[in-house]
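Subject: Structure for you, with notes on salt bridges

Hello,

Please find the structure below, with the sequence. My notes on its salt bridges follow.

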Amino acid sequence: MLFLMQTTDFSCIILGMIINFNEISETEIQHMHNGDSFICAKMMMTPESKVMYQRLPAGSSIGRHKMTNGSETNYIISGSGSQICDGVEEVFSEGMCIYCPKDSSHSITNTGNSDLVLFTVISLK
């Protein structure tokens, strides 16, 4: 199986089975889904999935959006925050995993004083 890697100019290159985030440029995204401030992300996309290393500075958020194409799973590498999924607020911290099923709506907010770092997998099936 081959993966496609998103590059800074949004073109793709083919990789093997390893995703090396050390070789992927970080992209700054302002007001993601109308959220507060900005996030930084390293992204790898295939037709079936998106895999991302995301960093949300203190006070940043990813605005409410509907997962129309698939489910989203976020592993919390460091930091703390909250997710509102279908109107229910869930507080999370390092070492936890948050999930938003397909056809649900959610937002993520960094409620801590340091960066919130997430490893994100979005299934597009």
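Glu26 is partly exposed, with a relative accessible area of 37%. Keep in mind that the model is a predicted one.

Glu26 pairs with Arg55 in a salt bridge, and the closest N and O atoms of the two are 3.0 Å apart. Arg55 belongs to strand 5 (residues 49-56), while Glu26 sits in the loop between strand 2 (12-15) and strand 3 (27-30), so this contact ties together parts that are 29 residues apart in sequence. Arg55 is partly exposed as well, at a relative accessible area of 22%; the cut-off for buried is under 20%.

Arg55 also meets the side chain of Asp115 in a salt bridge, at 3.4 Å from N to O. Asp115 comes from the loop between strand 11 (105-110) and strand 12 (116-123), and Arg55 from strand 5, so here the parts tied together are 60 residues apart in sequence. Asp115 has a relative accessibility of 29% and counts as partly exposed.

How many salt bridges does the count come to? The count is two, with a cut-off of 4 Å between the side-chain nitrogen and the carboxyl oxygen. Glu26, Arg55 and Asp115 are linked in a network of these salt bridges.

Regards

Terms used: Residues are numbered from 1 along each chain as its sequence is written. This is a predicted model: local features need pLDDT of at least 70, side-chain atom pairs count only at pLDDT 80 or more; totals for chains, interfaces and linings use all residues. Side-chain values use heavy atoms; hydrogens and water are left out. Helices (H or I, at least four residues) and strands (E, at least two) are DSSP runs, numbered from the N terminus. Buried means under 20% relative accessible area, exposed over 50%, partly exposed in between (1.4 Å probe, protein chains only).
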